[in-house]
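Dear colleague,

I am passing on to you the structure below, together with some notes on what turned up in it. Please read the notes with the structure open beside them.

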Amino acid sequence: MTDANAQMEGAPLIAPSTTDHPLYEDVVQACRSVYDPEIPVNIYDLGLIYTIDIKDDNAVNIVMTLTAPGCPVAGEMPGWVADAIEPLPGVKQVDVEMTFEPQWGMDMMSDEARLELGFM
C-alpha cells in the first residue's frame with residue numbers, strides 16, 4: 001500500500017459543509033432557488049449540492065453533481081448556482097466545481113423532494 005492509498009482510506013467521499021458559518025443558511029436558500037428544468041424540485045433538495053464550503057473571507061466553494069453526466073444543462077447549471085449565490089450580502093466570490101464522484105442516487109434526495117416526486 002502506498003502512502004497516497006493510506007491517506008485516502010477512510011476519507012469521506014463528500015467533504016463536509018461549513019454549516020457553522022453565518023452565511024451558510026443564506027447560501028442553502030440561494031441553492032434552493034435553482035431548479036433542474038426537467039425535475040420540479042430544487043437542486044439542494046434533490047441532493048445535487050454535495051459541499052458548501054465557506055472560507056473565513058466569505059469566499060464560497062460549492063461542490064455539486066448532476067442527476068446524470070449527460071444532463072442537457074450540465075454546462076449551464078454551475079453558472080446558475082453561482083448566479084444565485086453571488087448577490088448575497090457578504091459573499092466575496094463563488095466557485096462551483098462539478099463532480100461525479102460519488103455518483104448521485106435517489107437516496108440523496110431530501111424527504112421533501114421524495115414527497116414532491118411521489119416517492120413517499
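The secondary structure of the protein chain consists of 5 helices and 3 strands, where helices (H or I, at least four residues) and strands (E, at least two) are DSSP runs numbered from the N terminus. Followed along the sequence, these elements give the pattern α-α-α-β-β-α-β-α. Please keep in mind that this is a predicted model, in which local features need pLDDT of at least 70 and side-chain atom pairs count only at pLDDT 80 or more, while totals for chains, interfaces and linings use all residues. Residues are numbered from 1 along each chain as its sequence is written, and side-chain values use heavy atoms, with hydrogens and water left out.

As for overall form, the C-alpha trace spans about 45 × 35 × 25 Å along its principal axes. The radius of gyration of the protein chain is 15 Å, which agrees with the value near 14 Å that a compact globule of 120 residues would have; the radius is taken over C-alpha atoms, and the globule rule is 2.2 Å times the number of residues to the power 0.38. Of the 120 residues, 39% are buried, meaning under 20% relative accessible area, with exposed meaning over 50% and partly exposed in between (1.4 Å probe, protein chains only). Counting contacts (heavy atoms within 4.5 Å) between residues at least 6 apart in sequence, 61% join residues at least 24 apart.

The structure holds 3 salt bridges, each being a side-chain nitrogen of Lys or Arg within 4 Å of a carboxyl oxygen of Asp or Glu.

- Aspartate 45 and arginine 32 pair at 3.2 Å, N to O; aspartate 45 lies in helix H3 and arginine 32 in the loop between H2 and H3, so the pair ties together parts that are 13 residues apart in sequence. Aspartate 45 is buried, at a relative accessible area of 10%, whereas arginine 32 is partly exposed, at 28%.
- Lysine 55 and aspartate 53 have their closest N and O atoms 2.6 Å apart, and lysine 55 is partly exposed at 38%, as is aspartate 53 at 21%.
- Aspartate 57 and lysine 92 meet at 3.3 Å, N to O; aspartate 57 is in the loop between S1 and S2 and lysine 92 in the loop between helix H4 (77-85) and S3, so the pair ties together parts that are 35 residues apart in sequence.

A polar atom of the aspartate 36 side chain does, however, lie 2.9 Å from the backbone nitrogen of glutamate 38. Beyond its neighbours within four places in sequence, aspartate 36 is in contact with residues including Val41, Ile43 and Cys71.

Two backbone details remain. The peptide bond from glutamate 101 to proline 102 is cis, with omega near -5 degrees, and proline 102 sits in the loop between S3 and helix H5 (111-116). Asparagine 58, in the loop between strand S1 (49-54) and strand S2 (59-64), has a phi near 70 degrees, a positive value in a residue other than glycine.

Conventions. Polar contact = N/O pair within 3.5 Å; in protein donor to acceptor, adjacent residues only side chain to side chain.
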